[in-house]
Amino acid sequence: MPRLSLWRKDKTNDYKFIDRNIKEQFMIGGTSILIHKYIGPDPQGETGDPTQPNYQADDVFNETKIQDLLFLENRDRKYDKDIYDLRGVYNVGDNDFDLTQFGLFINTDVLFITFHLNDMIERLGRKIMAGDVFEVPHQRDDTLLDPNAPAINKWYVVQDASKAAEGYSQTWWPHLWRVKAAPLTDAQEYKDILGQATDPDSLKNQISTYVKEKEISDAIVAAAEQEVPDLFPDVSTLFNYETPPDPNGPTDAAGFEEYYGVPIASGVIFPGNPQQGEMFIRTDFLPNRLFVYRGGRWARLYDNVFPSRTDVVSRSVNAGGFINNDTQGVNLDGQAYPTRQPISGVVKPRTDF
Amino acid sequence: MNYFYDRQIRRYLQQFMRFFAGFSVKMGKDANGLDIYQKVPVRYGDINRMAAHILKNNSDNTMNTVPFIAVYITELLPAPERRLNPTHTDSVQVYEKQYDAASGQFLDQMGQTYTIQRHMPVPYDLNVQVDIWTSNTDQKLQLMEQILVLFNPSLDLRNNDNVFDWSRMNFVELINTVWSVRQVPNGTDDVLDVASMIFNMPIFINPPAMVQRQQLIYNVINTIRAGDQDELNQLLDDTYISDVQSKWQSVTDPERAVRLANGELTLLTRDLKTTVDGDLLLWNKFLESYGSIRNGISQIRVNRQDRPGVWGGEYVGVLTEHPTDPNKLLVDVDHDSLPANTKTAINGVIDPTRAAPGAGLPAAAVGQRYIVVSSPAEIPAWAGLVANPEDIIEYNGSAWVISFDAAASTAVEYVLNIASNQQLAFMDGQWILSYEGIFQPGYWRLLV
């Protein structure tokens, strides 16, 4: 007579009996969790970089692929358009907000949700993995501060997943899948779910702070532009002051004086004993360059660049004209090409075939 | 201390944050295979909890967005190495254009005039941290590359556009970076990464300026010339250039008059007093915002035109500080600036009741001319000459005759008195020194 043992190397009827009861317990006592299933990196086309393979060309496109083999990250993710409804169980806890430069965080708002393993695989086709996105309907908030705002669900993203310790039955086979999920951020990784900022009806614009943050950012820029509308001080109401200079004006030190309103010393060498705050134009720099003496050094303020000198970037940024360059060139074959190109990619030999 | 606040650090921050408000990141491709770019918002990092909750619509369901840039001040340090004379002040003269309320336009004419006194500002080093929140390394590299290329080593920053703010031009320098607060190995949370950049701004905090209505008769000459090579040669030869465009403007003090007499220029109130509330009017106090009298160089210019501010034909005197009286300046009149004489020079101004040819005056000779201040009719020495005060009499070789009949003249006349070498002017029925008198506001100006 064989010895009594619940352990079997195969999943026997004992296992199935227990598993059905656990599943039923989840169906009765669990809460609905809506799963946005990750299905693989979103194809980005040919990059020419072996560390960023074009899986689309190989027609191998699934969750097993990693988009960037250098940084080992999947930043452009594709999610199943179907949403899977599973039952999960977790302990609801109290949370405290943590205020950071980024905004309000709930650092402890990490859920450890358990799912029934076989039910999950039956519905989802695989186990829940890191990168899958949850909606938790029972945390839906329909009383937002803005009474006209639509109700929004609570979103999480799976960070880790493994078998739950409490999910082993007497047969020693696991029945539960434990998932660690953190609150979702409105990030590039989830644009397939949330949509784009340019779409006013996108989920992103409803449930993320992006729109408000953008409004705040724009207001700050507007305030700054109000204080300093352009490169030149506003002397339009003053008598005997030069108005903003002609963009086609002189390229010498006079341009600075027009700007500053009073003469500024200039020359090819700095004064021997400068005062703090003293300004000096180096005329041996082409274009001429305005310096100010602060601390123990002559600090560059900006260059007298014409005719685009009303452009702050062109005057202040060393490579401003190279960065803000939208011009097109035409080669001998009559083909247009952008004159702004990455330094690493300019005029490379072409392939023969 | 009275309250004042000019939002100076706030403005520095706004201009600084402006640098970081225009960056975008590529966020993959859309359904059509086109690149998606998203502008990265920037805002102040050290925010209020209430504002943070409002941002999230009072719901923990609202998602924070990345990429995102937060800016906040980490240090504000005194900068003693940049400190200058703490009590230094500086003055700037300001001339506004005249405002036409009817048209709502500024006219190309002088309007209000002010003197702006600026007090030495206090230097500080403002250190600002920029946190770059991203959700993946590629995104972070996109932003870092766009920002890092700008600071080589610094960027120009203006905290306002007022031409009279002597500390408005500043610069920002990148002094350090912290690559990631999510160090290897990863912590419990790898959703977000934060890279930090620390910037330094050598700034100044200014006390309020003192703006006063300009109280000096002060002349601004703005000459616009347009000429060809020949005219340029004329200019180099110091010869007059005809047909060149010139624009002259002057500003006058509406509160002060002067008296020019006896080679002295006295500062007066409008009602011709030399004191205000018992205090003597002092030229050096009056001029302190503009400099001081340069002996032998500074000029007084007076105007005898009918209207104030009309400076044609003004008389010029060169000024020297008075050795004893601070209410006065010594004046050396430039005779070349005086109007041309309209009458033949006279030998002197005489009282014919007290002096006569051969009796206090030289013997009569042909061409001798005098202005008389009383009637000589009853004096035998003048042989029955009938003249009235202010007339010019002249000896014609046989008798004294009236050369200029004051009672019959109304026009302004000028004549040189050979005895005193001073020019006299005939105005309102009497002879006076042509450049002496009291000049009300608008009828005099200084070139200092």
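A residue counts as buried under 20% relative accessible area, as exposed over 50%, and as partly exposed in between, with a 1.4 Å probe and protein chains only. The model is predicted, so to read it: local features need pLDDT of at least 70, side-chain atom pairs count only at pLDDT 80 or more, and totals for chains, interfaces and linings use all residues. Residues are numbered from 1 along each chain as its sequence is written, chains are lettered from A and ligands numbered from 1 in the order in which they are written, and side-chain values use heavy atoms, with hydrogens and water left out.

**Exercise 1. Salt bridges within chain A**

Task: Determine how far apart the closest N and O atoms of A:Arg282 and A:Asp284 are, and classify both residues by accessibility.

Solution. Step 1: A salt bridge requires a side-chain nitrogen of Lys or Arg within 4 Å of a carboxyl oxygen of Asp or Glu. Step 2: The closest N and O atoms of A:Arg282 and A:Asp284 are 2.7 Å apart, and the two residues form a salt bridge. Step 3: A:Arg282 has a relative accessible area of 14% and is buried, whereas A:Asp284, at 39%, is partly exposed. Step 4: Elsewhere, one network of salt bridges with shared partners joins A:Lys23, A:Asp119, A:Glu122 and A:Arg123.

Task: Explain why the salt bridge of A:Lys23 with A:Glu122 ties together parts that are apart in sequence.

Solution. Step 1: The closest N and O atoms of this salt bridge between A:Lys23 and A:Glu122 are 3.9 Å apart. Step 2: Helices (H or I, at least four residues) and strands (E, at least two) are DSSP runs, numbered from the N terminus. Step 3: Because A:Lys23 lies in helix α1 (residues 13-29) and A:Glu122 in helix α3 (residues 117-124), both of chain A, the pair ties together parts 99 residues apart in sequence. Step 4: A:Lys23 is partly exposed at 26% relative accessible area, while A:Glu122 is exposed at 60%.

**Exercise 2. The interface of chains A and B**

Task: Describe the interface between chain B and chain A by its contacts, area and salt bridges.

Solution. Step 1: With contact meaning heavy atoms within 4.5 Å, 89 residues of chain B touch 88 residues of chain A. Step 2: Buried area is the accessible area (1.4 Å probe) that two parts lose on being put together, summed over both. Step 3: This area is about 8100 Å² between the two chains, and carbon and sulfur atoms give 58% of it. Step 4: B:Asn61, B:Met63 and B:Met169 supply 10% of the area that chain B buries against chain A, more than any other three residues. Step 5: Five salt bridges are counted between the chains; B:Asp138 forms a salt bridge with A:Arg75, with the closest N and O atoms 3.6 Å apart.

**Exercise 3. The nonpolar cores**

Task: Identify the residues that touch the most other members of the largest nonpolar core.

Solution. Step 1: A nonpolar core is a set of buried Ala, Val, Leu, Ile, Met, Phe, Trp, Tyr and Cys residues joined through side-chain atoms within 4.5 Å. Step 2: The largest has 34 residues, and B:Phe16, B:Phe20, B:Val71 and B:Val130 touch the most other members. Step 3: Among the elements that give two or more residues to this core are α6 (210-227) of chain A and β7 (122-134) of chain B. Step 4: Leaving aside neighbours within four places in sequence, B:Val130 is in contact with residues including B:Phe16, B:Phe20 and B:Val71. Step 5: A second, separate core of 24 residues includes B:Trp283 and B:Leu319.
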